[in-house]
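Hi everyone, thanks for making the time. I'd like to walk you through one model today, so please have a look at the screen.

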Amino acid sequence: MPRYLINSHILRSGTDPRACAEGAAKQLSRGKIKGIEAKACYCCSDEKRVALVVEGPDQHTVLETIQQQIDIPVASIFEVEEVTPKP
């Protein structure tokens with residue numbers, strides 16, 4: 001399944017970035033949302049933003065899920081591939 005990197009816009013006033021990232025990770029890792037799984041969630045408290053790495057069927061489905069069901073305002077989303085250094 002493809003992986004996507006999602007960067008949020010600045011979160012709404014009063015939204016804690018750490019709590020937002022933790023909440024998204026919980027919702028996407030407990031099978032509550034079928035077909036999309038969180039691989040990593042990050043927060044930047046100073047910038048009031050979050051970043052997520054998720055696996056999902058396609059970019060459109062992932063984007064809709066993050067914006068509508070998880071309620072995170074998305075600034076960018078793109079497909080990524082993990083690259084590990086060779087010894």
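I'll go from the overall fold to one helix, then to the core and a few single residues.

A word on method first. This is a predicted model, so local features need pLDDT of at least 70 and side-chain atom pairs count only at pLDDT 80 or more, while totals for chains, interfaces and linings use all residues. Residues are numbered from 1 along each chain as its sequence is written, and side-chain values use heavy atoms, with hydrogens and water left out.

Let's start with the fold. The protein has 2 helices and 4 strands; these are DSSP runs, H or I of at least four residues for helices and E of at least two for strands, numbered from the N terminus. Along the sequence the pattern reads β-α-β-β-α-β. The radius of gyration is 13 Å, close to the 12 Å from the globule rule for 87 residues, so the protein is as compact as a globular protein of that length. For the record, that radius is taken over C-alpha atoms, and the rule is 2.2 Å times the number of residues to the power 0.38. Along the principal axes, the C-alpha atoms fill a box of roughly 40 × 30 × 20 Å.

How much of the protein is buried? The share is 31% of the 87 residues, where buried means under 20% relative accessible area, exposed over 50%, and partly exposed in between, with a 1.4 Å probe and protein chains only. As for contacts (heavy atoms within 4.5 Å), 67% of those between residues at least 6 apart in sequence join residues at least 24 apart.

Now helix H1, residues 17-29. Which residues of H1 are buried? They are Pro17, Cys20, Ala21, Ala24 and Leu28. These cover an arc of only 95 degrees around the axis, which puts them on the same side of H1; the arc is that of the directions from the helix axis to the C-beta atoms. The cover over them includes strand S2 (37-44), strand S3 (49-55) and helix H2 (59-69).

On to the core. The largest nonpolar core has 19 residues, and Ile6, Leu28, Val54, Val62, Ile66 and Ile72 have the most contacts inside it. By nonpolar core I mean buried Ala, Val, Leu, Ile, Met, Phe, Trp, Tyr and Cys residues joined through side-chain atoms within 4.5 Å. H1 gives this core its largest share, 4 residues. Leaving out residues up to four places away in sequence, Ile6 touches Val50, Leu52 and Ile77, among others.

Val50 itself sits in S3 and is buried, at 3% relative accessible area. Beyond its neighbours within four places, its contacts include Pro17, Cys20 and Ala21. Over in H2, Thr65 is buried too, at 6%, and touches Ile33, Ile36 and Ile70, again not counting residues up to four places away.

Finally, two backbone details for you. Lys48, in the loop between S2 and S3, has a positive phi of about 55 degrees although it is not a glycine. Asp71, in the loop between H2 and S4, has a positive phi near 65 degrees, and is not a glycine either. Lys48 is partly exposed at 43%, and Asp71 is partly exposed at 44%.
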